[in-house]
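Student: I have just opened this model and would like to learn how to read it. Could we go through it together, one feature at a time?

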Amino acid sequence: MELIPQIAEWASTRNFTSEEVDAEALTRILEAGRKAPSAKNRQPWRFIVVENESIRAQIEAAAFGQEHVGQAPVIIAACTTNVDYRMPNGQWSYPIDIAMAVSFMMLQAARENLGACVVTTFDEQEIKEILTVPYSMRVVMLLLVGHPAEKPFPTQRKPLKRIVSHNHW
Ligand SMILES: Cc1cc2nc3c(=O)[nH]c(=O)nc-3n(C[C@H](O)[C@H](O)[C@H](O)COP(=O)(O)O)c2cc1C
């Protein structure tokens with residue numbers, strides 16, 4: 001039994017070529033996000049796809065100048081359409097729901113031989129203004145997508161024995 005290759009070989013891409021992302025591949029990536037699970041199947045998301053160079057440059061500035069942000073030919077701003085739902089465990093559902101959708105999109109991007117990187121280091125207010133996101137909504141994550149300039153190296157993970165226990169903490 002093998003891991004899914006896109007999981008086994010996962011590594012964030014922070015160096016993109018300027019080659020455009022194929023429109024059908026991009027649609028499949030968004031479709032993967034659409035298929036993600038969410039609490040109570042509320043699907044509280046809106047994905048703003050940004051390919052326009054000047055808007056990407058503005059987003060890069062709002063992401064504290066992280067160069068890979070503007071370099072990526074596609075930025076998907078993963079926004080919430082509902083910030084009100086608290087789950088029975090007391091936790092807010094929207095950051096989790098959005099993270100599920102972004103995870104699905106990242107793996108589909110890898111399946112398309114594209115690179116991807118999650119970015120949360122940004123001034124949310126600035127991004128909202130750039131993308132005209134309504135006042136009451138939130139921009140949870142940016143997902144950068146594009147052709148990797150080189151294959152990124154996988155980074156270390158804690159071994160299973162340090163993160164898994166059985167029956168008790
Ligand atoms: C919630 C979250 C926020 C992240 N924010 C950023 C970010 O702002 N900028 C960035 O370059 N990478 C960001 N990353 C990517 C992580 O740094 C990266 O996933 C982690 O170092 C593990 O490396 P890998 O993805 O190559 O395996 C973020 C990842 C996650 C899951």
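Student: Is N167 buried or exposed?

Tutor: Residues are sorted by relative accessible area: buried means under 20%, exposed over 50%, and partly exposed in between (1.4 Å probe, protein chains only). N167 is exposed, because its relative accessible area is 78%. This residue sits in the segment after helix 7 (160-163). Helices (H or I, at least four residues) and strands (E, at least two) are DSSP runs, numbered from the N terminus. N167 also has a positive phi of about 70°, although it is not a glycine.

Student: What should I know about the model itself?

Tutor: It is a predicted model, where local features need pLDDT of at least 70 and side-chain atom pairs count only at pLDDT 80 or more, while totals for chains, interfaces and linings use all residues. Residues are numbered from 1 along each chain as its sequence is written, and side-chain values use heavy atoms, with hydrogens and water left out.

Student: Where is Q43, and what is its phi?

Tutor: Q43 lies in the loop between helix 2 and strand 1. Its phi is positive, about 50°, although Q43 is not a glycine. With 35% relative accessibility, Q43 counts as partly exposed. K35 is found in that loop between helix 2 and strand 1 too, and at 59% relative accessibility K35 counts as exposed.

Student: Which residues are the closest to the ligand?

Tutor: A residue is near a molecule if one of its heavy atoms lies within 4 Å of it. Here 13 residues surround the ligand, and the closest are S12, R14, H68, T121 and R157. Strand 3 (residues 115-119) gives the most to this shell, with 3 residues.

Student: How do I read the polar contacts there?

Tutor: A polar contact is a pair of N or O atoms within 3.5 Å; within protein, one must be able to donate a hydrogen and the other to accept it, and residues adjacent in sequence count only if both atoms are side-chain atoms. In the side chain of S12, an N or O atom is 2.5 Å from an oxygen atom of the ligand. For T121, a polar side-chain atom lies 2.7 Å from a ligand oxygen, and the side chain of R157 has an N or O atom 2.7 Å from an oxygen atom of the ligand.

Student: Which residues touch the most other members of the largest nonpolar core?

Tutor: A nonpolar core is a set of buried Ala, Val, Leu, Ile, Met, Phe, Trp, Tyr and Cys residues joined through side-chain atoms within 4.5 Å. The largest one has 24 residues, and I76, V102, L143 and V145 touch the most other members. Helix 5 gives the most to this core, with 7 residues.

Student: Is E124 buried or exposed?

Tutor: E124, found in helix 6 (residues 124-131), is buried, with a relative accessible area of 17%. A polar atom of the E124 side chain lies 2.9 Å from the backbone nitrogen of V139. Not counting residues up to four places away in sequence, E124 touches M137, R138 and V139.

Terms used: Contact means heavy atoms within 4.5 Å.
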